[in-house]
Amino acid sequence: MTCRIAVFGTGYLGATHAACMAELGHEVVGVDVDSAKLAKLESGELPFYEPELAELLQKNIKDGRLRFSSSYADAADFADVHFIGVGTPQKRGEFGADLTYVNSVIEELAPLLSRPAVIFGKSTVPVGTAMKLAQRVKQLAPAGVDVEVAWNPEFLREGFAVADTLHPDRIVLGTDKFRAGRAEEVARKVYEQPLAEGIPFLVTDLSTAELVKTAANAFLATKISFINAMSEVCEAAGADVSFLADAIGYDARIGRRFLNAGIGFGGGCLPKDIRAFMARAGEIGADEALTFLREVDNINMRRRTRMVEIARQSTGGSLIGARVAVLGAAFKPDSDDVRDSPALNIAGQIQLQGASVSVFDPKAMDNSRRIFPTLNYATSVEEACEGADVVLVLTEWREFRDLEPNEIAGVVRRKQVIDGRNCLDPQKWRSADWSYRALGRP
Ligand code: UDX
């Protein structure tokens, strides 16, 4: 069954959702206020890097199922199903989430709706937001027009956005328990295809649905900080955190995924989501329940400082005048996203301590230049490593993991490598006569 869908916001979440909904056979309009972004998307070009997404975008535009518009009136007229996929960044100087974009979608859209519609929120929001939006929609929608707000959190990972959207682990839906609505029926039509594959469909109230997303991200962040805390202990004890992660990961209750120790988590989600979660818990009187997340954040930030310290040790206790090659700028591989990237943050700190830093990343160069114009950017691994006193591997791109020590041995000044992601084979580097160091490993 084909639905007419509008997706508000064409960032990572919105653009992926729009293209994937079209791929499921629906008629979709992607809406954004940024006309430059829309022009790119209309011509089949992505404003960011995401594997598989460009092909999906081009195919569905060509087949006439996907288009883009800056007009809310157009979207209100065209669609019966509306998805909110705009950003909820961290507020400036505060922990809380900035809901400006979510609110403005509701303020603009609701008065324009002239027939029954369901608005599904996908953005990550503080618990209680959906209920407030539902009340606001009631005030704004024209009299007699039934508009329902439901929450359908998104769990996609950058780098796997298409697969995660088309074949999610689960679909979660929160509906307003104080009204008999159509949201569940509509969601079943929208997700007919994935549901037919047997993907679990979990229906709950609005607050629980909002919390499922924040709790999932808080758990993932905690898992990473747990292994990074173990990494600190391993360093003090002369033990090996990678072996430890493998060994505890065999316990199915623990699991090996998200136990990779290194310079920690970054990106547009985990850091800001745990902070927004703490802020919201404070507002609703549950702050004590989440004080541990402060420690999760602290452990994470400490890994960056530790990396800088190890780099400093490798250059004889001072970085002044040292040449440092940084391989990786994106917050994780297969992404060009540098938001809250541990790699760029470390590169910046090292430069501040007086080193000359040369950065190379396979996809994130333009974004890095934009937000960190003072670093030197190289066009290849070899160029970044030219004359380097130490090479830091800070994002585990395959190209870096597969690097042969001899490929760059001739260009560096000193054969020293520091593995910020525990992604290199220590044996391989040491046997090629390199000094190899990593976080949490002897
Ligand atoms: C995350 C969640 O995984 C996703 O479900 C949610 O919808 C959005 O936030 P994403 O930000 O794309 O997704 O990246 P993710 O793969 O979760 O990695 C986040 C950060 O943690 C990266 O910086 C990564 O390098 C780091 N990480 C991940 C580790 O340091 N160790 C690990 O074991 C795993």
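This report describes a predicted model, moving from its ligand shell to its helices and then to single residues.

Residues are numbered from 1 along each chain as its sequence is written. Because the model is predicted, local features need pLDDT of at least 70 and side-chain atom pairs count only at pLDDT 80 or more, while totals for chains, interfaces and linings use all residues.

**The shell around the ligand**

Around the ligand there are 20 residues, of which Glu158, Asn260, Phe265, Gly267 and Cys269 come nearest; a residue is near a molecule or strand if its C-beta atom, placed from the backbone, lies within 6 Å of it. By class, the shell has ten nonpolar, six polar and four charged residues, where Ala, Val, Leu, Ile, Met, Phe, Trp, Tyr, Cys and Pro count as nonpolar, Asp, Glu, Lys and Arg as charged, and the others, Gly among them, as polar. Both domain 1 (4-199) and domain 2 (205-442) supply at least three residues each to this shell, the domain bounds coming from an automatic or database domain assignment. Helix H10 (residues 206-237) gives the most to the shell, with three residues; helices (H or I, at least four residues) and strands (E, at least two) are DSSP runs, numbered from the N terminus.

Asn260, one of the residues that come nearest to the ligand, is found in the loop between H11 and H12. Asn260 counts as partly exposed because it has 17 C-beta neighbours inside 10 Å; a residue is buried if 20 or more other C-beta atoms lie within 10 Å of its own, exposed if 12 or fewer, and partly exposed in between, with C-beta atoms placed from the backbone. Although Asn260 and Asp402 are 142 residues apart along the chain, their C-alpha atoms are separated by 18 Å.

The 32 residues of H10 should span 46 Å at 1.5 Å a residue, and its end C-alpha atoms are 47 Å apart, which agrees; the expected span of a helix is 1.5 Å times one less than its number of residues. H10 is followed by Gly238, whose phi is positive, near 70 degrees.

The buried residues of H6 are Thr129, Ala130, Leu133, Ala134 and Val137. They cover an arc of only 135 degrees around the axis, which puts them on the same side of H6; the arc is that of the directions from the helix axis to the C-beta atoms. Gln135 and Gln139, on the other side of H6, are exposed.

Helix H11 (residues 241-249) has Val241, Ser242 and Ala245 as its buried residues. Because they cover an arc of only 105 degrees around the axis, these residues lie on the same side of H11. The face turned away from that buried side carries the exposed residues Phe243, Asp246 and Ala247. Gly249 is also found in helix H11, and it is partly exposed, with 15 other C-beta atoms within 10 Å.

Most residues other than glycine have a negative phi. Glu52, although not a glycine, has a positive phi of about 75 degrees, and Asp334 has a positive phi near 60 degrees. Glu52 lies in the loop between helix H2 (35-42) and helix H3 (53-62), and it is partly exposed because 15 other C-beta atoms lie within 10 Å. Asp334 lies in the loop between strand S9 (323-327) and helix H14 (342-352), and it counts as buried because it has 20 C-beta neighbours inside 10 Å.

**An annotated region and some separations**

The UniProt annotation "domain: UDP-glucose/GDP-mannose dehydrogenase C-terminal", from an unreviewed entry, covers residues 325-426; UniProt positions are given in the numbering used here, feature names are shortened, and annotations may be inferred rather than shown by experiment. Over residues 325-426 the chain is 32% helix and 18% strand, and the end C-alpha atoms are 18 Å apart.

Tyr377 lies in strand S11 (residues 376-377) and is partly exposed, with 19 other C-beta atoms within 10 Å. Glu283 lies in helix H12 (residues 270-283) and is exposed, with 12 other C-beta atoms within 10 Å.

| Residue pair | Apart in sequence | C-alpha to C-alpha |
|---|---|---|
| Glu283 and Glu399 | 116 residues | 45 Å |
| Tyr377 and Phe265 | 112 residues | 23 Å |
| Gly249 and Gly387 | 138 residues | 40 Å |
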